[in-house]
Amino acid sequence: MAKNLYQKVWADHLVGPLENGQFQVFMGLHLIHEVTSPQAFGMLKAEGRHVFHPGRTFATVDHIIPTDDQRRPFSDPMAERMMAVLSDATEMHGIEFFQPNSGSQGIVHVVGPELGLTQPGITICCGDSHTSTHGAFGCIALGIGTSQVRDVLASQTLAMDPLKVRRIEVTGQLAPGVTAKDVTLHIIRILGVNGGVGYAYEYAGDVIDVMTMEERMTVCNMSIEGGARCGYINPDQTTFEYLKGRERVPSGAGFEQAVIRWAGYASDPDASYDDVVVIDGSAIEPTVTWGVTPGQALGISERIPDPAAAEGLDQELMTDALRYMQLEADAPIKGTKVDVAFIGSCTNGRLSDFQAVAAAIQGYKVAPDVRAIAVPGSVRCAAPEEEGLADIFKDAGFEWRLAGCSMCLAMNADKLVGDEVCASSSNRNFMGRQGSSSGRTILMSPIMVAAAAIQGAVADAREVFQLEKTS
Amino acid sequence: MNDLVKRSGRGIYVQGNDIDTDRIIPARFLKCVTFDELGPALFYDERFDTQDVSKGHILDAPAHQGASVMISDANFGCGSSREHAPQALQKFGFEVIIAESFAEIFQGNCTTLGMPCLVMDKAQRKALASLVGHHPDAEFLIDLQAQTLTFANERFSFTMKDSSREAFLTGRYDPLDELLVAHEAIQAVAARLHYSDQSG
């Protein structure tokens, strides 16, 4: 019988049924970081359990790490303590830890793919909701809680309910200056922030097919913002070419065999789905948020919606969002003043994101009253510093930082102050998300952040950088 | 029947759709290596201003002190996978959450902690929220087996995710012991999968 990728991976990794009606599923790759995992080691210790398969767990440090000075001890004593607990636990249990000085440190969802740990047809879990990112490679990748981190450490399995699968076909061709981030914000705007609850999203269609792996990761990363616990894209030649030669990927004949195996996981052409949604990719504009959920988004040429047109709690939600954002209904979003510009995060902090921005910003300067920071997602994507990437950002007036999650969730020193407005390439515009309880976030693509930084206000990158002419 | 199936306690209505985990527990409180101290940080930025002065949030209303049943609206617990969010709710004193819908990871985390997530439709929830406001001292009686809730002489119905309800009915909301029983089957699956060796 024809199967989709989710069904194939599930069948391969199924250990058996559980008493409560759930299923026990084997986890091929477990990624951990300092925020959600130290407590799990504490639970194991308290319960007298051990790590079942340390070779399948890999650790990095990303959320709390400073991006200015990463020498130990960290200046924040609590951050230092979290780092120390993770370091001790991984050493004690024989788990490989990509420390800041290892040359491989970075955001967990940037590091996994870069090293080639993330591969098609496998199951991945991590105590982080953006684990959905890895689905770009055609694997099932899930965010989990800390008690589940404990479960995986102790058993290499999870208790799971099977998900339904919704295929989202993005057809046509993206207009010049429209990016993967715009596609994912557009999808969430249409399907809602809870539209994906109970589903895995399979992204497909011409627009997805021609995307690079980095672009596919941006799309899958935001699945969770649409309520879908995981999102995936069927593995194809683009996937295999990305993986070829990566550090943790087999080489030579082993690679050829792996490709045959990986290709077999792609959804069969006549596979069935619980739901299919078709979205016209050619109609997508550069998209930004106006409110306090990623679904409260609009095209750059549109006007901010009027809550009067909505009903009940939706109306209250919109009214509250506008009040929090200090924005007016029916006003254009373009021209909204910004104080901070942030390029980074597991959504848009990869080498290609910085390269795309660098190609556009040469000769431009960040507006004098804007604080602009660029934070690479990993040490490796900061490495081409010698190639002048960092200098291009610095010349334009950006601060170029060390790798980490930084201002996406502001667990380190990188925070908004007061009610500053931040044009951000990250994934969440929740109230208080970027470190100030009144801070305001406007989500957008990296190139749109760069345009906002230069204009000092939300702008259309296609106009600022003449992208329509050059593309 | 085990004591997980019948729950009681006083209630509180915390209004809002899409209440995300950053609101439930702001990220700065995630700087911890145990969950023990999270209770007071629950909804911190909604309850207190930047000078730590109370904004008069309903969670701090004297009439609702000691409430153990929280009622909210749609898509409760969306956002991050941080178990800190249900841990903070539990440490604050909540034992049951009622909403129109829940984010998936949050719901799973709550179950593992022994905190049932009850799904109740809008009309019933609205009526219940109003009653709770008028009767902060009244006790809920919740029966997970019958999926009914009694409050102030009114009867309400709810649903639960099947596997979660079953976990409470069997008293096995923490799955780890059962997962470990399958030791040999786990090894068999590991051996059957042709994963490449990824150690560095």
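In chain A, A:C422 stands opposite A:T441, a residue of strand 19 of chain A. The model is a predicted one, in which local features need pLDDT of at least 70 and side-chain atom pairs count only at pLDDT 80 or more, while totals for chains, interfaces and linings use all residues. Residues are numbered from 1 along each chain as its sequence is written, and chains are lettered from A and ligands numbered from 1 in the order in which they are written.

Strand 18 (residues 421-424) of chain A runs parallel to strand 19 of chain A, and four bridges join the two. Here strands (E, at least two residues) and helices (H or I, at least four) are DSSP runs numbered from the N terminus, and two strands pair if DSSP finds at least two bridges between them. Strands of a sheet pair through backbone hydrogen bonds, either parallel or antiparallel. The open sheet of chain A has five strands in the order 17-16-15-18-19, with parallel pairing. At its edges are strand 17 (399-400) and strand 19 (440-443) of chain A, each of which pairs on one side only. Helix 16 (residues 446-455) of chain A lies across strand 15 (340-343), strand 16 (371-374) and strand 18 of chain A, and runs at about 155 degrees to strand 15 of chain A. Such angles run from 0 to 180 degrees between N-to-C directions, with axes fitted to C-alpha atoms, for helices over the stretch in contact.

Chain A is assigned domain 1 (5-275) and domain 2 (290-470), with bounds from an automatic or database domain assignment. Between the C-alpha centres of these domains of chain A there are 25 Å. In contact (C-beta atoms, placed from the backbone, within 7 Å) are 36 residues of domain 1 of chain A and 37 residues of domain 2 of chain A. On the domain 1 side, helix 6 of chain A gives the most, five residues.

Chain A also meets chain B: 67 residues of chain A are in contact with 55 residues of chain B. Helix 5 (residues 146-155) of chain A supplies the largest share of the chain A side, seven residues. This helix of chain A is mostly covered, with ten of its ten residues buried (20 or more other C-beta atoms within 10 Å of a residue's own, C-beta atoms being placed from the backbone). Among them are A:V149, A:R150 and A:D151. After helix 5 of chain A comes A:Q156, with a positive phi near 60 degrees.

Methods:
Contact = placed C-beta atoms within 7 Å. Buried ≥ 20, exposed ≤ 12 C-beta atoms within 10 Å, placed from the backbone.
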